[in-house]
2 protein chains.
Amino acid sequence: MERKFNDTFLRAARGEKTEHVPVWYMRQAGRSQPEYRAIKEKYSLFEITHQPELCAYVTKLPVDQYNNDAAILYKDIMSPLPALGVDVEIKSGVGPVIANPIRSKADVDRLGEIHPEEDVPYVLDTIKILTQEQLNVPLIGFAGAPFTLASYMIEGGPSKNYNKTKAFMYAEPEAWNALMDKLTEMTITYVKSQIKAGAKAVQIFDSWVGALNVADYRQFIKPTMNKIFSSLREENVPLIMFGVGASHLAMEWHDLPLDVVGLDWRLSIQEARERGITKAVQGNLDPAILLAPWEVIEERAKAILDQGMAQPGFIFNLGHGVFPEVKPETLKKLTAFVHEYSASKLSK
Amino acid sequence: MERKFNDTFLRAARGEKTEHVPVWYMRQAGRSQPEYRAIKEKYSLFEITHQPELCAYVTKLPVDQYNNDAAILYKDIMSPLPALGVDVEIKSGVGPVIANPIRSKADVDRLGEIHPEEDVPYVLDTIKILTQEQLNVPLIGFAGAPFTLASYMIEGGPSKNYNKTKAFMYAEPEAWNALMDKLTEMTITYVKSQIKAGAKAVQIFDSWVGALNVADYRQFIKPTMNKIFSSLREENVPLIMFGVGASHLAMEWHDLPLDVVGLDWRLSIQEARERGITKAVQGNLDPAILLAPWEVIEERAKAILDQGMAQPGFIFNLGHGVFPEVKPETLKKLTAFVHEYSASKLSK
């Protein structure tokens, strides 16, 4: 590689001092980019993720365009599920739809295991292309967490209230635990294969776990997450946790053997620090603000940076994914602002 | 009335000691009841709410069946909007859909005012029938809060992320404030007419305001809510605040001139008390638990009651509305359990 490898993101994730605050955006690759939309006219999501060269291009594009400090593998959290026998299809405008939802312990017992080299070779090939040849920033691998995956597998698709999922959890704790165990094993195997292929950090998306109260999280989910992070810790790459609307669980995440607590905009960085989160934090601009005039965006980003830079270990991100209506120029300008503003403060 | 008026709910809402913990359930009237579903086969929601006798029957039914300590007027938070010129229709399986969404300050300026006697006489007639003749428990009147109403008016229907609403709020603060002012005035007028007709308490539903961060709530919403509660306070009836996924705003609500902080299940009663909420609280069983086996329901209800009874001023409720799959027997059994368990503890 010609350019020096930019490890700012990795250092911040480990709580070390950096020269500027590193930036990346959840869903930085995707429908907000005109180049992506053009590709999407020719290929389906399935086709894009199954062609490593194309998928690498999609993953790298926003890094080049916005000058972000990390890339995140372009794929869906559902990707590993077909290997377990889950019949999942991503329906446009709906989300993941599952033809054979989990209804019983027998359905859980029927689930298989993942063998990444055989089941998702295209994921590993994409990572290799990116990390061995193309990227000069770290590539973040990722996986959905067991609760969030289970919610799709039980509801049969996206849900508003996760009633079926919770009912299953409360009514059939044995089947629930068996399901968590299978998904835990899958997550560990899948993520370790991503790290082996070249991923330099990992983010676990428990996108919908904020639907649970703290007591249920402790009883039904935390042991599972503890197993996952304890095992991934052996790989010695930074581990990040994220979920939406999960402010009430932030201290639970902080207890887990992970490196970075990802926050959405509902909990300010300052309040997270006041509650006792001493680990590195990542976040947390409300992506809706990206539709506001630039002065508003800058004001809000500045407030987040001032709070985040109060101690080492801060990664700037959004509080949720970029959505299609956001203009690429806005993200480019935002990255430049975060870099310049933080560099000026941190050099003092 | 033959039976003595049961004012337990009102006393608890004022923070006074009671002989048992009062109970009611959000959406206690509705699709979870077979009698309601039978009515719904003959009449639309519009037709039910426009026939005072029928609407009173629907409102009273769960009170009689479950022995609950309060009734809540059966209607939708959208009901007052047509009076302002909002073209709203409740679409089955979708929710409220608005044909003329707000796009500009001019759209806001075009909004009219509500004159309850002329615009919603059927609401007032329903309240009169219930409170003058039928109920021996308090009737709770209600209204949607400005942010939640505005979210429908701007998005044009239900939304996942409220992007348009937030973008409007950030980009056009003048138009936003004008919209809040109109909705504030409407809410005050509408709720006062309900109280005059006989409602003995009021719950304000800011169902979706949890999508905002604390700083935005303080800047864009809190002054509005302060105006509403300050004006309603003159009526001397208990005022309750509620929203879903809004744990991070609970202390903001506590600051407002209201009587009861409604909590969803994400924040435990104990933690709410620890954070400094000294007012009466209402909540907060996750309605999904109503699909669990009875032992689970009882265990969770008991935990909530133990926390809630630690000081006077506790109303048992769910953390969100009853949904259609819940069996009426379960709610009846739950009310009986809350009454008996709390009475046995409070008599000691």
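Analyst: In the hairpin of S2(A) and S3(A), A:Gly93 takes a positive phi near 80°, and 3 residues sit between the two strands. It's a predicted model, with local features needing pLDDT of at least 70 and side-chain atom pairs 80 or more, while totals for chains, interfaces and linings use all residues. Residues count from 1 along each chain, chains are lettered from A and ligands numbered from 1 as written, and side-chain values use heavy atoms, without hydrogens or water.

S2 covers residues 88-91 of chain A and S3 covers 95-98 (DSSP runs: strands at least two residues, helices at least four). The two run antiparallel over 4 bridges (pairing takes at least two), and A:Lys91 has A:Gly95 as its bridge partner.

Further along chain A, residues 140-156 are 59% helix and 29% strand, with end C-alpha atoms 28 Å apart. Residues 22-31 of chain A are another story: 0% helix, 0% strand, ends 23 Å apart.

Now the rings. A:Phe142, A:Phe205 and A:Phe242 are joined into a cluster by ring pairs (centres within 6.5 Å; planes under 30 degrees apart are stacked, over 60 edge-to-face, the rest tilted). In chain B, B:Lys75 sits over B:Phe142 at 4.0 Å.

Over all chains there are 18 aromatic pairs. Among them, B:Phe337 and B:Tyr341 have centres 5.4 Å apart and planes at 15°, so they count as stacked. Both belong to helix H15 (residues 328-346) of chain B, 4 residues apart, about one helical turn.

Notes
Phe/Tyr/Trp six-rings, centres within 6.5 Å; stacked < 30°, edge-to-face > 60°. Lys NZ or Arg CZ within 6 Å of the ring centre and 35° of its normal.
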